[in-house]
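Hello,

Here is the structure to look over.

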Amino acid sequence: MNAVIRVTCVADADGGLTFGLPLPAPDSAHLLLKARPRKGVPDPAARRLPLEASGDGRALAVLEPLPALEEGRWDAFLVPGPDAEPQQLTSGPLDLRVLVDGARVDRPSPVAVRIPYRALDGFLAVRAWLRPAHAEAGAIEAGDTATTVTARLHGTELGEDAVVRLRGRRSREERTLSPSADPDGRGFRFTVDHADLTGVDVRYWDVHVLPAADAAPVRVGRVLDDVANRKHSFVYAAAPGGDRLVRPYYTVDNDLSFEVTDLG
């Protein structure tokens, strides 16, 4: 049975990650980041990082900012030799201080994000996002009859004909809103009237912004900080929308959506 190896991780401001293992750098060993299998993707991507001695008895592996990781969840393994079986690494301390205020810096396209985190089973994983553009949600003011969202675009800018679109999941239902844009064309606000979401048989509404009439929709979410999983840690109260309840929430991918449920 393999001994438990606790790996540390330090995030850099430029997007790089440095992994530290409490052992000398073995010859021919490397750290393996492997994407979790996704539906329709038979061969998950992998990234191999060489281990180097740090001078203090540890082995270090560096994930450079480029090339970007494909979007998804990546698990960390130690491969001690050419023919050895990968050993999954347990998460030790994570230094993510530089990620906390990541939304303050405007990102170019494509928007690439990496957040290391301790998975529920205790192993180290990295959550990665890679999108042509991204709308970072800020303050969410969930009121009794409406919810106002403040957000900022990264990788693109708002045009004069920009709209926010709420689309019913697995439905053709749509609601469009006119955002209030900041002078720089990146920051914006929009307000969702809860009653507008309750008159049809749709439970989930996903939120996008269309920066221009002919532009691809940009998902609204929150990924530019140190929180890899927001769904259960950022929870908003449900409020009445007619005879039903409406609440904003973050999906498992940290994207912003609205949920409509029956009273009682």
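Predicted model: local features only at pLDDT ≥ 70, side-chain atom pairs only at ≥ 80, totals over all residues.

The structure holds one cavity of 30 Å³ or more.

Some terms. On a 1 Å grid over the protein atoms alone, a cavity is a set of points where a 1.4 Å probe fits but cannot get out; a pocket is an open set with protein on both sides within 12 Å along at least five of seven lines; lining residues have an atom within 4 Å of a point. Grid points are joined across faces, edges and corners, and a volume is the space filled by probe spheres set on the points. Nonpolar covers Ala, Val, Leu, Ile, Met, Phe, Trp, Tyr, Cys and Pro; charged covers Asp, Glu, Lys and Arg; the others, Gly among them, are polar.

Residues are numbered from 1 along each chain as its sequence is written. Local features need pLDDT of at least 70, side-chain atom pairs count only at pLDDT 80 or more, totals for chains, interfaces and linings use all residues, and side-chain values use heavy atoms, with hydrogens and water left out.

**The pocket**

The largest pocket contains about 560 Å³ of space. Its lining has 27 residues, and Ala-13, Asp-14, Gly-15, Arg-107 and Ala-112 lie nearest the centre. Strand β10 (residues 111-118) gives the largest share of this lining, five residues. The lining divides into 17 nonpolar, four polar and six charged residues.

**The chain overall**

The chain has zero helices and 22 strands. Both are DSSP runs numbered from the N terminus: helices are H or I with at least four residues, strands are E with at least two. Along its principal axes the C-alpha trace spans about 65 × 45 × 35 Å. Of the 264 residues, 45% are buried (under 20% relative accessible area, 1.4 Å probe, protein chains only). Among contacts (heavy atoms within 4.5 Å) with a separation of 6 or more, 62% join residues 24 or more positions apart. The chain exposes about 13,600 Å², and carbon and sulfur atoms supply 51% of that. Those areas come from the Shrake-Rupley method with a 1.4 Å probe.

**Strand pairing**

Two strands pair if DSSP finds at least two bridges between them. Leu-17 stands opposite Leu-63 in β6.

Now β22 (residues 256-262). Five of its seven residues are buried, so the strand is largely enclosed by the rest of the structure. β21 (residues 244-250) pairs with β22 in the antiparallel sense over seven bridges. Arg-244 has Asp-262 as its bridge partner in β22. The hairpin of β21 and β22 has five residues between the strands, and Asn-254 takes a positive phi near 65 degrees there. β18 (residues 204-210) also pairs with β22, antiparallel, over three bridges. Tyr-204 stands opposite Glu-259 in β22.

Best wishes

Terms used: Buried < 20%, exposed > 50% of the residue type's maximum accessible area, 1.4 Å probe, protein only.
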